[in-house]
Amino acid sequence: MKTSLINKFISADRFSSYSDLNSYSQNMIYSKSSYIPLSVLEVALKNSIDELLTDIIGYSWFEDDSFLTNDSIRKVKDAKNILFRRGEKIIKSKIIAELSFGFWVNLFKKPYSKKLRTKELQRIFNNLPSKQDQIINREIIYKRLNHIRNFRNRVFHYEKVLDRDNYNLIHDEIYEILSFFDDEVCEFAKRANDE
């Protein structure tokens with residue numbers, strides 16, 4: 001591709017972090033190979049957390065200001081406003097679907113430490129390793145999910161991910177989290193990604 005086309009359609013600023021057009025293409029291919037595992041992870045996380053919080057707090061847990069932080073409450077309101085502007089019904093399933101990956105990841109931050117303890121983590125992630133094999137707590141889950149979230153955002157905004165921020169092994173990290181839900185879920189994502 002001619003430099004003039006790169007500058008016009010990709011932009012000189014965006015392209016400057018790549019050595020050549022091949023490295024730009026490799027980044028796109030790697031990003032493409034991340035879509036399926038990311039989507040399976042995001043959907044599984046939303047549904048698993050919703051199931052737990054519905055059970056321990058109630059059907060409308062996402063409106064409980066004694067549980068959610070102000071930032072999370074604002075994100076729920078934003079999701080409802082998006083649905084309202086679209087003319088869609090403002091029902092739980094649509095609110096859950098509209099909430100960002102960041103919303104779900106942030107539920108593992110410190111303000112939720114007394115509400116999401118080890119026993120709750122084990123209900124979200126039914127296949128967590130035993131304490132003898134590997135210590136997995138809320139803080140570790142948050143760090144791993146947040147790293148994946150940062151990667152996801154770069155992929156979905158068409159930014160460079162290869163050779164940046166330890167993303168070269170991100171698929172292993174995503175599959176590990178998926179295995180924490182269930183080995184079968186993890187294998188499903190792997191098979192779907194190989195097809």
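Author: K46 and E42 sit four residues apart, about one turn, in helix 4 (residues 35-56); helices here are DSSP runs of H or I with at least four residues, numbered from the N terminus. This is a predicted model, where local features need pLDDT of at least 70, side-chain atom pairs count only at pLDDT 80 or more, and totals for chains, interfaces and linings use all residues. Residues are numbered from 1 along each chain as its sequence is written, and side-chain values use heavy atoms, leaving out hydrogens and water.

Reader: What makes K46 and E42 a salt bridge?
Author: A salt bridge needs a side-chain nitrogen of Lys or Arg within 4 Å of a carboxyl oxygen of Asp or Glu. For K46 and E42 the N to O distance is 3.8 Å, so the pair qualifies.

Reader: Why is K46 called buried?
Author: Buried means under 20% relative accessible area, exposed means over 50%, and partly exposed is in between (1.4 Å probe, protein chains only). K46 has 9%, so it counts as buried. E42 has 12%, so E42 is buried too.

Reader: How do you know that R74 and D71 form a salt bridge?
Author: Their N to O distance is 2.6 Å, so they meet the cut-off. Both lie in helix 5 (residues 70-86), three residues apart.

Reader: Why is R74 called partly exposed?
Author: Its relative accessible area is 42%, so R74 falls in the in-between range.

Reader: Which residues are linked with D71 and R74 in a network of salt bridges?
Author: K75 and D78.

Technical notes. Helices (H or I, at least four residues) and strands (E, at least two) are DSSP runs, numbered from the N terminus.
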